[in-house]
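Open the model in your viewer and keep the selection panel at hand. The tour goes stop by stop: what to select, then what is there.

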There are 2 protein chains.
Amino acid sequence: MNEHLTTSIQDYLKTIYTLTADGGEASTSALASRLGVAPASVTGMLQKLASIEPPLVIYRKHQGATLTRAGERAALEVLRHHRLLETYLVESLGYSWDAVHEEACRLEHVISEDFEQRIAEQLGHPERDPHGSLIPTSTLVMPPSNDVLLSSLRGGESAVVRRMRSEDAITLRRLESLGLVPGAEVTVLVNSQFDGNLTIQVASRQPVAIDPAVSDQVFVETTEGT
Amino acid sequence: MNEHLTTSIQDYLKTIYTLTADGGEASTSALASRLGVAPASVTGMLQKLASIEPPLVIYRKHQGATLTRAGERAALEVLRHHRLLETYLVESLGYSWDAVHEEACRLEHVISEDFEQRIAEQLGHPERDPHGSLIPTSTLVMPPSNDVLLSSLRGGESAVVRRMRSEDAITLRRLESLGLVPGAEVTVLVNSQFDGNLTIQVASRQPVAIDPAVSDQVFVETTEGT
DNA sequence: AAAATTATTTAGGCATTCCTAATTTTTTGC
DNA sequence: GCAAAAAATTAGGAATGCCTAAATAATTTT
Ligand SMILES: [Mn+2]
Ligand SMILES: [Mn+2]
Ligand SMILES: [Mn+2]
Ligand SMILES: [Mn+2]
């Protein structure tokens with residue numbers, strides 16, 4: 001299959017994967033801003049990824065890109081590395097969850113399959129990374145998920161925090177200070193349709209008001225029952 | 001100081017360091033063969049390393065290269081990463097000593113100083129890597145050493161195995177099968193001046209004959225006393 | 001000491017990946 | 001539906017790090 005994909009290509013594929021997770025296409029500008037490169041650079045790379053053999057993306061001029069099956073497998077491989085590494089850094093090396101992203105971003109491209117297997121085993125084949133993101137299996141299958149944004153809950157609904165959208169350190173520290181970490185129980189007391197502000201109660205803490213800047217960063221799974 | 005050195009530059013510096021460890025200059029061809037590139041590529045890189053600010057090597061046309069103080073510091077930084085990583089892979093992830101080199105060679109360029117510190121601490125600030133090579137300190141000082149080649153011992157001399165010259169998997173497995181691992185006690189029963197063959201006894205094993213292909217790979221420290 | 005061999009350097013190029021500036025296409029707002 | 005704005009593409013170029021082939025320098029042989 002694919003001899004070896006460059007770090008740059010792996011980053012493009014990973015980013016296309018996450019941008020198309022909800023079904024659309026990844027636009028040139030979205031990719032450019034996520035990857036920190038100029039839009040012109042993205043166009044050039046997409047053209048290349050679409051014309052190599054086998055093609056890794058399907059690229060429609062002015063429309064955007066999606067992954068082929070080969071591209072998706074490569075993306076899942078990198079994503080598995082990234083998320084296993086983040087978990088390993090937290091569990092075995094004592095990193096905090098807001099410090100692992102950059103380190104994993106560099107390591108993900110250079111670890112061997114042997115390394116991947118060893119840390120997966122040592123961690124007991126975890127299903128999620130420290131931010132709650134699902135880790136693709138060793139056979140490169142992304143486990144199913146049915147989490148929804150905290151901001152989509154109606155007043156009175158309860159849920160369990162599953163994952164954070166962002167890997168940004170400042171955002172993560174803010175969420176943590178609110179108790180919004182994977183596994184936490186949260187109840188929406190009020191969801192104001194006007195401004196999108198929520199009043200929530202996390203675990204048995206005092207109720208707090210949060211705005212969409214927060215509630216759009218947190219994915220939850222609604223709790224069964226009445 | 002140096003913003004960021006590329007992987008390629010780090011490899012050049014590391015290789016120049018080891019080639020000049022015994023005082024000479026690193027030649028173009030020696031570098032080319034160690035790095036697996038064409039001699040012309042080495043010349044180009046040496047010219048560049050000598051003319052950047054601050055210069056990392058001193059390069060004399062047709063003579064070879066040595067490291068400047070800045071180049072040496074950069075080399076020791078990479079070497080510390082490499083050797084700490086090898087130690088970590090063996091101690092914490094169960095790698096065998098003949099499998100760590102390639103993994104460390106890729107990881108050494110991307111780990112952060114934070115990562116370095118964490119594994120150093122977890123390992124108890126080891127002095128040597130799995131092959132017995134000395135690990136530069138966190139202040140980038142290479143500890144002193146007075147080991148000599150096993151092949152230089154005279155008949156009747158005893159010594160402790162300190163380090164292996166090679167990181168090659170096949171060589172390491174051969175040495176291990178002879179019991180020639182760091183810490184092992186070895187006595188030279190006969191050192192034939194003619195062909196360089198030795199008869200040695202490792203620990204309490206049966207004496208065996210080894211040729212220079214083996215005895216030139218092992219550094220030892222001669223034992224005090226009569 | 002000249003010739004032959006070996007080592008090194010120079011010259012010219014190629015692949016990657018990024019950039020800016022100019023142009024074209026698509027979308028938006030009236 | 002058309003003009004303005006936004007998004008995307010093309011064109012041309014720079015930096016890295018490698019290559020081969022040709023030229024030159026150093027070393028070894030005879
Ligand atoms: Mn993998
Ligand atoms: Mn994560
Ligand atoms: Mn370091
Ligand atoms: Mn080693």
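**Stop 1: the positive-phi histidines**

Select His62(A): this residue is exposed, with a relative accessible area of 76% (exposed means over 50%, buried under 20%, partly exposed in between; 1.4 Å probe, protein chains only). Before moving on, note that this is a predicted model, in which local features need pLDDT of at least 70 and side-chain atom pairs count only at pLDDT 80 or more, while totals for chains, interfaces and linings use all residues. Residues are numbered from 1 along each chain as its sequence is written, chains are lettered from A and ligands numbered from 1 in the order in which they are written, and side-chain values use heavy atoms, with hydrogens and water left out.

Stay on His62(A) and check its backbone. Phi is positive, about 70 degrees, although His62(A) is not a glycine. Most residues other than glycine have a negative phi, and most peptide bonds are trans. His62(A) sits in the loop between β1 and β2 (64-67) of chain A. Helices (H or I, at least four residues) and strands (E, at least two) are DSSP runs, numbered from the N terminus.

Now jump to chain B. His62(B) has a positive phi of about 70 degrees and is not a glycine either. Its place is the loop between β1 and β2 (64-67) of chain B. With 77% relative accessibility, His62(B) counts as exposed.

**Stop 2: the cis prolines**

Select Glu53(A) and Pro54(A). The peptide bond between them is cis, with omega near -5 degrees. Pro54(A) belongs to the loop between α3 (39-51) and β1 (57-60) of chain A.

Repeat in chain B. Glu53(B) and Pro54(B) are joined by a cis peptide bond, with omega about -5 degrees. Look for Pro54(B) in the loop between α3 (39-51) and β1 (57-60) of chain B.

**Stop 3: manganese ion, ligand 2**

Which residues of the protein are donors to the manganese ion (ligand 2)? Select Glu86(A) (OE), Asp129(A) (OD), His131(A) (ND1) and Glu167(A) (OE); these donors lie 2.1 to 2.7 Å from the ion. Donors are N, O and S atoms within 2.8 Å of the metal (3.2 Å for Na, K and Ca); water is not among the atoms, so sites may look incomplete. Along the chain the donors follow the spacing E-x42-D-x1-H-x35-E.

Focus on Glu86(A) and Glu167(A), a pair that links distant parts of the chain, 81 residues apart. Glu86(A) is in helix α4 (residues 69-93), and Glu167(A) is in the loop between β4 (158-164) and α7 (169-177). Glu86(A) is buried, at a relative accessible area of 0%. Glu167(A) is partly exposed, at 21%.

**Stop 4**

Glu113(B) and Glu116(B) are separated by about one helical turn, because they are three residues apart in helix α6 of chain B. Glu113(B) is partly exposed, with a relative accessible area of 41%. Glu116(B) is buried, at 4%.

Zoom in on His81(B), in helix α4 of chain B. His81(B) is buried, with a relative accessible area of 5%. Its side chain reaches the backbone oxygen of Glu108(B) at 3.1 Å. Leaving aside neighbours within four places in sequence, His81(B) is in contact (heavy atoms within 4.5 Å) with Glu108(B), Ile111(B), Glu113(B) and Glu116(B).

**Stop 5: where the chains meet**

Show both chains. The contact takes 17 residues from chain B and 17 residues from chain A. Together they bury about 1500 Å², 54% of it on carbon and sulfur atoms; buried area is the accessible area (1.4 Å probe) that two parts lose on being put together, summed over both. On the chain B side, select Leu93(B), Val110(B) and Arg118(B): they lose the most area to chain A, together 36% of what that side buries.

How many salt bridges are there between chain B and chain A? The count is zero (a side-chain nitrogen of Lys or Arg within 4 Å of a carboxyl oxygen of Asp or Glu).

How values were computed:
Polar contact = N/O pair within 3.5 Å; in protein donor to acceptor, adjacent residues only side chain to side chain.
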